[in-house]
Amino acid sequence: VVSQGRRKITIIPHLNSGELKQNVRQLEDLYASAKELIEKIDEEGQETPNAGRYARTIKLCMREMERFEDQYQRVMDAGNLRRYSLENDEERRTMLIEGQLMRENTSAIEEVSKRLHDTKETGGMIMHDLKGQSSTLKRTAAGILDTNEVLKESKRVLDGMARSAATNKLTTMHLEVFIICIIVYYKFIYTSDGT
């Protein structure tokens, strides 16, 4: 009975208005029969001396009935029945198409929203990286300025050393000339005067 009811539930959305009313009545009858059967099974299961042996089967039947009941309630919902029972099949088709379009649009909006959220997260990560790179560049620029100052100071020291070296060389050359002059003087002039 439950499987027959489920088959009816699956075909109801696809029926035209004339067939719909007849199938809804049949579904209501199947539901009532299934409910009566499940109550009888439950009562007989409790009255049976070996009820424990059948408890699992009874639970499975009860669970199947609960699922069937949920499906039945959804199909018999006033909004769904109104949607299924539109007198004009053209209106019904239009409504089904609009419903499909609405589901597709909702899906597209959800996807765009997800992409927007992902893009926002990616943008946040990029901004965080850019802030880190900015601070690194500032530190590097400060380091370069410090290096420039050190290089200027080193250049001044090297220039001073070069001047000192040139001065020392000039002094050394003067001393060499002076010593040569003294040697020449002692050798040639002093010795020739005193001899």
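Arg115 and Glu111 pair up in a salt bridge, with their closest N and O atoms 2.8 Å apart; the term covers a side-chain nitrogen of Lys or Arg within 4 Å of a carboxyl oxygen of Asp or Glu. Both residues sit in helix H5, 4 residues apart, or about one turn of the helix. Helices here are DSSP runs of H or I with at least four residues, strands are runs of E with at least two, and numbering starts at the N terminus. Arg115 comes out as exposed at 54% relative accessibility, while Glu111, at 41%, is partly exposed. The cut-offs are under 20% relative accessible area for buried and over 50% for exposed, with partly exposed in between (1.4 Å probe, protein chains only).

All of this comes from a predicted model, in which local features need pLDDT of at least 70 and side-chain atom pairs count only at pLDDT 80 or more, while totals for chains, interfaces and linings use all residues. Residues are numbered from 1 along each chain as its sequence is written, and side-chain values use heavy atoms, leaving out hydrogens and water.

The whole structure holds 4 salt bridges. One of them joins Lys35 to Glu69, at 3.5 Å between the closest N and O atoms. That pair ties together distant parts of the chain, with Lys35 in helix H2 and Glu69 in helix H3 (residues 51-76), 34 residues apart. Lys35 is partly exposed at 31% relative accessibility, and Glu69 is partly exposed at 25%. Arg156 and Glu153 also meet in a salt bridge (3.3 Å, N to O); they are about one helical turn apart because 3 residues separate them in helix H5.

As for the overall fold, the chain has 5 helices and 0 strands. Of its 195 residues, 13% count as buried. The mean pLDDT (the predictor's confidence in each residue, from 0 to 100) is 78, and 79% of the residues score at least 70. Where pLDDT is low, the predicted coordinates should not be read in detail.

Two surface patches turn up as well. Patches take residues with over 30% relative accessible area and no salt bridge, joining like charges within 9 Å and nonpolar side chains (Val, Leu, Ile, Met, Phe, Trp, Tyr) within 5 Å. Ile180, Val184, Tyr185, Tyr186, Phe188, Ile189 and Tyr190 make up a nonpolar one, with about 740 Å² of accessible area together (Shrake-Rupley method, 1.4 Å probe, only the protein chains shown counting as cover for residues). The other, of negative charge, gathers Glu36, Glu39, Glu43, Glu44 and Glu47; Asp and Glu count as negative, Lys and Arg as positive, with His and the chain ends not counted.

Definitions and conventions: Charge placed at Lys NZ, Arg CZ, Asp CG, Glu CD.
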